Amino acid sequence: MVVLEKNVMLSLAENAVKAALQKGAQEAEAYVYEGQATNIGIELGQISKTHRIIDRGVGIRVVVNKTIGFSYTNIIDDGKAVEFMVNSALSAAKASKSDPNWKGLPQKKPFATIEKTFDEKVAALGSEELVNVASTMLEAAEEVDKRVFPVDGGVGSAYISSAITNSNGITGFDKGTIVECSLATLAKEEGAVTPVCFEFNTARTYNLDPVWVGKEAAKLSISALKTKSVETKSTTVILTQFALQELLAYTLINAIEADNVQRDQSPFKGKMGATVTSEKLTIHDDGLLSGGLRTWLFDGEGVPHQKTAVIERGVLRNYLYDNYSAKKEAKESTGNASRSGYLSTPSIDTTNFHILPGNTTANQMLNEVDDGLIVYYLQGAHSSNPVSGEFSVVATPAWKIEKGEITHSSRGVMLAGNIFEVLKNISLVGSNERQMGSLIAPWVQAENVRVIGK
Amino acid sequence: MKDLLVKINNVATEKFGAQYAEARAQNLYKTMLTIKEERVEAAKQGIENGVALRVLVNGAWGFASVGSFESGILEGAISDACRMAKLASTGLKMPIKLALAKVVNDRVVSRPKKNPSDISVEDKIKTAMAVTKTGLGFDDRVKSCTMDYLDLTGTSFFVNSDGTSIEQDKLYVWGRLTASAVSGGVFTFSREEIGSTAGYELFDEQIPEKLGEKVAKRAVDQLNAKSLKGGKFPVVLGPNVVGVFVHEAFGHLAEADLALSGGVLAGNFGKKIGSDLVTFYDDGTIEGSFGAFRYDDEGVASNKTLLIKDGVVAGLMHNRETAQKFNAEPTGNARAEDFRVEPIIRMRCTYMAPRDQTFEELVEKVKSGYYFKSFRGGQANLDGTFQVGIQEGFEIVNGEVGPPIRDASISGNTLETLHKVDAVGKDFLIDPGRCGKGQTAFICDGGPHIRLSEVVVGGSA
């Protein structure tokens with residue numbers, strides 16, 4: 001694999017910044033990104049497709065009289081295209097309106113050290129190895145039960161690198177790897193089809209268990225075959241990481257982002273130091289977490305990643321800031337400016353959003369439940385009210401728990417309520433943490449969740 | 001460009017024995033704006049060049065994407081794709097074949113009345129700012145207004161080893177406004193999207209001030225809305241909700257790849273799965289609409305596909321691979337977001353055909369239920385479970401539309417719910433939107449007002 005070297009990426013960024021300053025920008029920041037991904041795809045029960053994607057580009061942000069312009073291009077080996085990009089950013093800025101709250105790009109700060117974010121072995125993974133992992137996973141799923149049908153899945157590896165330079169002297173380069181395998185299955189029996197059940201492994205270093213992924217996905221879909229309706233009432237619900245990730249992404253995460261707080265779009269406004277959730281919950285945004293999926297040296301503005309306490313024993317401790325929102329309050333950025341490659345300007349997002357584990361094992365948590373539900377997959381969480389936190393979603397499916405045992409699944413069960421009320425009613429926090437996208441969390445148990453049966 | 005792409009495809013067919021090869025080269029220009037209240041967060045302009053290469057070798061797909069038009073790089077990429085496909089093909093149980101598609105040589109030119117490329121960034125900012133200003137000024141309780149704007153122009157060159165060669169202009173203009181209102185500890189949120197493939201004349205129809213006012217008014221009205229009671233209720237759905245209902249509760253299941261994956265429509269072709277009033281189309285030919293295009297990303301002409309007629313499943317949306325499996329014609333539904341991704345089966349403009357009822361007739365038969373006017377999000381599952389979130393709704397009491405409710409959703413199973421369509425209106429509206437299926441597609445959907453005799457409503461009260 002041929003990748004852009006550190007010095008090539010840094011000099012591309014430096015040259016773009018230099019050009020912008022020469023052409024009249026008062027400040028400039030260039031971000032260079034490279035992503036190379038290889039994927040072996042499973043479709044309709046067989047390995048049938050492969051992907052190899054190379055995406056590189058540069059984006060530049062310029063400031064002229066407190067107006068901001070941005071431009072990007074993926075034509076990086078042509079000096080003219082880069083010059084055109086700089087001109088586009090400047091013309092965009094000149095067309096724009098000045099922002100009295102603009103207080104400058106971030107200043108240089110030392111980066112912390114991070115670990116387990118790059119693995120030579122992952123970077124060097126060949127297609128043969130990926131195909132082997134995919135076959136292993138597929139066979140493991142098929143061996144569980146004949147009624148299992150692997151619908152979709154894959155095995156992939158990616159190399160990602162980024163370089164940033166700004167006119168305040170920030171300069172940074174980082175590279176990392178990600179490897180993953182995933183399988184979505186359903187079970188079919190006498191014309192009945194289960195919802196899609198899904199398992200996966202994702203890691204920064206080579207750490208995959210395709211047999212586990214295949215088996216778990218298959219077992220879940222088989223257990224979804226036996227289905228009975230449940231009654232409409234308020235009950236105990238165990239939220240697995242799948243469900244938590246869905247529910248929090250469109251609600252709690254918005255509420256702790258400084259931009260939303262400043263713009264009156266967060267129920268957490270004015271609640272700093274107040275108890276906002278159950279005291280069982282402690283949440284850190286940890287951009288330095290060892291091996292974390294979102295662990296990098298710096299954020300999308302070249303600000304060092306850090307660990308920020310968001311909620312401690314239920315008490316709100318910090319919002320998440322990028323440079324702009326921090327300076328608006330004369331604070332420091334928490335290193336939460338996120339970018340989608342070279343195509344976008346930075347915006348606030350979580351790094352590794354870490355709900356700290358408790359000491360209740362998964363089995364103990366199930367045993368505690370006399371009458372309740374356990375929820376894996378949710379449908380429709382993105383339709384939640386992103387400001388108030390109200391949600392109305394379907395569990396696909398939910399599993400019923402009776403006297404500490406999972407007895408059967410139930411389809412079409414709806415959960416409705418307000419996420420901030422649910423978070424106040426957390427009674428147990430598990431010890432079984434795992435990472436899913438930005439979220440790293442254990443299972444949590446919530447009391448009094450409104451369930452609408454069929 | 002054509003000669004280059006022919007040469008690259010020949011590498012796959014001649015050197016690696018590929019059964020099929022296609023190359024899709026695109027150059028895309030984008031302008032994006034994010035306006036928060038009266039602040040231009042950033043005015044953004046960008047250029048992307050790249051090629052998507054797809055080959056079929058021994059019945060397995062190989063796909064490669066690179067951001068370059070350089071012959072040597074493209075030859076390397078297509079060679080990699082062929083080798084990887086060959087490797088993946090070793091365990092195939094059912095080798096992939098393609099349905100025949102008409103060989104096309106065409107140049108599709110877009111003819112906007114107002115080309116977004118000719119409009120200055122200043123003017124675009126002025127337009128977007130007019131939206132947020134009106135929204136904010138509508139009422140003191142409106143606290144935030146965000147307008148996102150995007151225009152995309154460019155050209156897509158498509159050449160395949162069957163001899164098809166198409167040069168097609170791309171043009172999209174899109175905007176989204178969100179507003180939030182706060183009063184007495186109650187937070188509300190309202191959103192609306194607009195979009196067109198015609199041109200910047202979109203803003204002659206969607207007057208910026210009116211859009212701002214509409215979204216702000218909804219956020220303010222919601223301040224007085226009550227949480228609703230969950231359970232089974234009769235409901236009247238507005239065209240905006242019907243569109244998403246058609247899209248989520250049926251559209252995804254009628255995507256042939258998902259039908260093959262075990263989706264519930266697979267075994268129901270030609271069978272009656274809904275009431276006589278249910279007729280759905282997916283139509284890529286509505287000129288200027290957000291889901292319209294002439295040729296899809298496999299070079300197949302876009303058409304109007306009948307999906308369900310009078311309750312009977314009549315057709316699916318196909319690409320060339322699924323059309324071969326179903327012994328059907330490709331329908332022109334293979335779409336790729338850009339050159340970074342492969343084409344997959346996507347909807348275009350999916351809608352329900354109108355019938356004969358007035359809105360009053362639909363509502364007057366409901367003793368106790370809801371009128372859901374406008375949606376926020378929706379999702380489908382292969383087993384037929386659908387969910388549609390509601391951002392604006394009202395109670396119906398004794399045949400009359402009553403007080404507003406907030407943050408509800410409806411859910412059910414397609415095979416049960418389509419039988420519950422018991423009355424269909426004579427009005428008709430289409431709204432633009434975006435659909436996520438790993439990639440984002442620009443689509444639209446709609447229909448008339450309809451009534452469901454019963455559906456599960458998720459509410460927390």
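The model is predicted, so local features need pLDDT of at least 70 and side-chain atom pairs count only at pLDDT 80 or more, while totals for chains, interfaces and linings use all residues. Residues are numbered from 1 along each chain as its sequence is written, and chains are lettered from A and ligands numbered from 1 in the order in which they are written.

**Where the chains meet**
- Chain A gives 75 residues to the contact and chain B gives 70 residues (two residues are in contact if their C-beta atoms, placed from the backbone, lie within 7 Å).
- On the chain B side, the largest share, eleven residues, comes from strand β2 (residues 39-57) of chain B; strands (E, at least two residues) are DSSP runs, numbered from the N terminus.
- That side of chain B divides into 27 nonpolar, 31 polar and twelve charged residues. Here Ala, Val, Leu, Ile, Met, Phe, Trp, Tyr, Cys and Pro count as nonpolar, Asp, Glu, Lys and Arg as charged, and the others, Gly among them, as polar.

**Across the chains**
- Strand β2 (residues 46-64) of chain A and strand β3 (residues 60-66) of chain B run parallel, joined by five bridges.
- In β3(B), B:Trp61 stands opposite A:Lys49.

**Neighbours of B:Leu53**
- Leaving out residues up to four places away in sequence, B:Leu53 touches B:Ile8, B:Ala23, B:Phe63, B:Ala64, B:Leu74, B:Ala77, B:Ile78 and B:Ala81.

**Inside chain A**
- The domain assignment (automatic or from a database) gives domain 1 (6-221) and domain 2 (227-454) of chain A.
- Domain 1 of chain A brings 38 residues to the contact, and domain 2 of chain A brings 28 residues.

Terms used. Helices (H or I, at least four residues) and strands (E, at least two) are DSSP runs, numbered from the N terminus. Two strands pair if DSSP finds at least two bridges between them.
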